[in-house]
Amino acid sequence: MFTAIRIACVALAGYLIGNFNSALVISKLKKSDVRKMGSGNPGTMNMFRSFGKLLGVLTLVMDILKGVIPCLIGWFVCGEAWSFGANKIGVYVGGLSVIVGHIFPVFLKFKGGKGIASSIGVCLVIHPIATLISFAVGVVFLIVTKIGSVTSFIIISVPLAMEAFSVSKTGGNIAALVLLFALFFLTLFAHRKNVVHLFQGTDKQVILFKKKKKSA
């Protein structure tokens, strides 16, 4: 009973933390609204497109931290004897909850971002080395192809798949696998329009390094 209460508290905390939208806050400080610019999505990629690299990176870092914090809270609260034990169910609950809060924030009328940057934060707690490697590969892929949606899934798919394989191999809790798959398919659902645009060849490009125009 006590464990269920702790999981419920972690889920609520994760959801509420997820409601904090970094892109929207930063754009408001710039006296703009990122939801009325570019793709209209209050997320990292649109911040890169609309405000440039500096504010795009700031949004990315803040959203990654937003994903890390609920996972660490969940790991501690639902761990072993209130410590960071081997049981990661709190990590998965905190991670899934913060993504739900980011994509469907109650304080923004359930219209939020797509959850990739925060998912990277979740993945950093779940599988840090795999996440760093896939992030580096994803950045190179983005620079070469300029396709943001595919880049996003390159980054999160590898660590989530490795964690799912590790859980299944060690005979872990089936609930852990369900939470991991739910996390992946939730972000996929949030990108459903991007997938359609990708197949139509109309997906917006993300150009990290724009060429400077030559002065006359």
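Is Asn 41 buried or exposed? Asn 41 counts as buried, at 14% relative accessibility; here buried means under 20% relative accessible area, exposed means over 50%, and partly exposed lies in between (1.4 Å probe, protein chains only). Please keep in mind that this is a predicted model, where local features need pLDDT of at least 70 and side-chain atom pairs count only at pLDDT 80 or more, while totals for chains, interfaces and linings use all residues. Residues are numbered from 1 along each chain as its sequence is written, and side-chain values use heavy atoms, with hydrogens and water left out.

**Finding your way around**
- Asn 41 sits in the loop between helix 2 (22-29) and helix 3; helices are DSSP runs (H or I, at least four residues), numbered from the N terminus.
- Ala 161 belongs to helix 8, and at 46% relative accessibility Ala 161 is partly exposed.
- Along the chain, Asn 41 and Ala 161 are 120 residues apart, and their C-alpha atoms are separated by 27 Å.
- Phe 84 and Ala 161 are 77 residues apart in sequence, with 22 Å from C-alpha to C-alpha.

**Helix 5**
- Helix 5 covers residues 89-103, which makes 15 residues.
- From first C-alpha to last, helix 5 reaches 21 Å, close to the 21 Å expected at 1.5 Å a residue; the expected span is 1.5 Å times one less than the number of residues.
- Most of helix 5 is covered, as 14 of its 15 residues are buried.

**Salt bridges**
- The whole structure holds 4 salt bridges, each being a side-chain nitrogen of Lys or Arg within 4 Å of a carboxyl oxygen of Asp or Glu.
- Lys 28, Asp 33 and Arg 35 are linked in a salt-bridge network.
- Asp 33 is buried at 11% relative accessible area, whereas Lys 28 is partly exposed at 47% and Arg 35 is partly exposed at 35%.
- Another salt bridge joins Lys 66 and Asp 63 (3.8 Å, N to O).
- Both Lys 66 and Asp 63 are buried, and they lie 3 residues apart in helix 4 (residues 53-77), about one turn of the helix.
- An α-helix has 3.6 residues a turn, so residues three or four places apart point the same way.

**A nonpolar surface patch**
- Leu 12, Leu 16, Val 106, Phe 107 and Phe 110 form a nonpolar patch on the surface, with about 530 Å² of accessible area together.
- Residues in such a patch have over 30% relative accessible area and no salt bridge, and nonpolar side chains (Val, Leu, Ile, Met, Phe, Trp, Tyr) are joined within 5 Å; the areas come from the Shrake-Rupley method with a 1.4 Å probe.
- Phe 110, one of the patch residues, lies in the loop between helix 5 and helix 6 (116-126).

**The largest pocket**
- The largest pocket holds about 1000 Å³ of space. On a 1 Å grid over the protein atoms alone, a pocket is an open set of points where a 1.4 Å probe fits, with protein on both sides within 12 Å along at least five of seven lines; its volume is the space filled by probe spheres set on the points.
- Its lining has 47 residues, and Asn 41, Gly 113, Lys 114, His 191 and Asn 194 lie nearest the centre; lining residues have an atom within 4 Å of a point.
- Elements giving two or more residues to this lining include helix 3 (44-51), helix 4, helix 5 and helix 10 (192-200).

Definitions and conventions. Patch = residues over 30% accessible without salt bridge, like charges linked within 9 Å, V, L, I, M, F, W, Y side chains within 5 Å.
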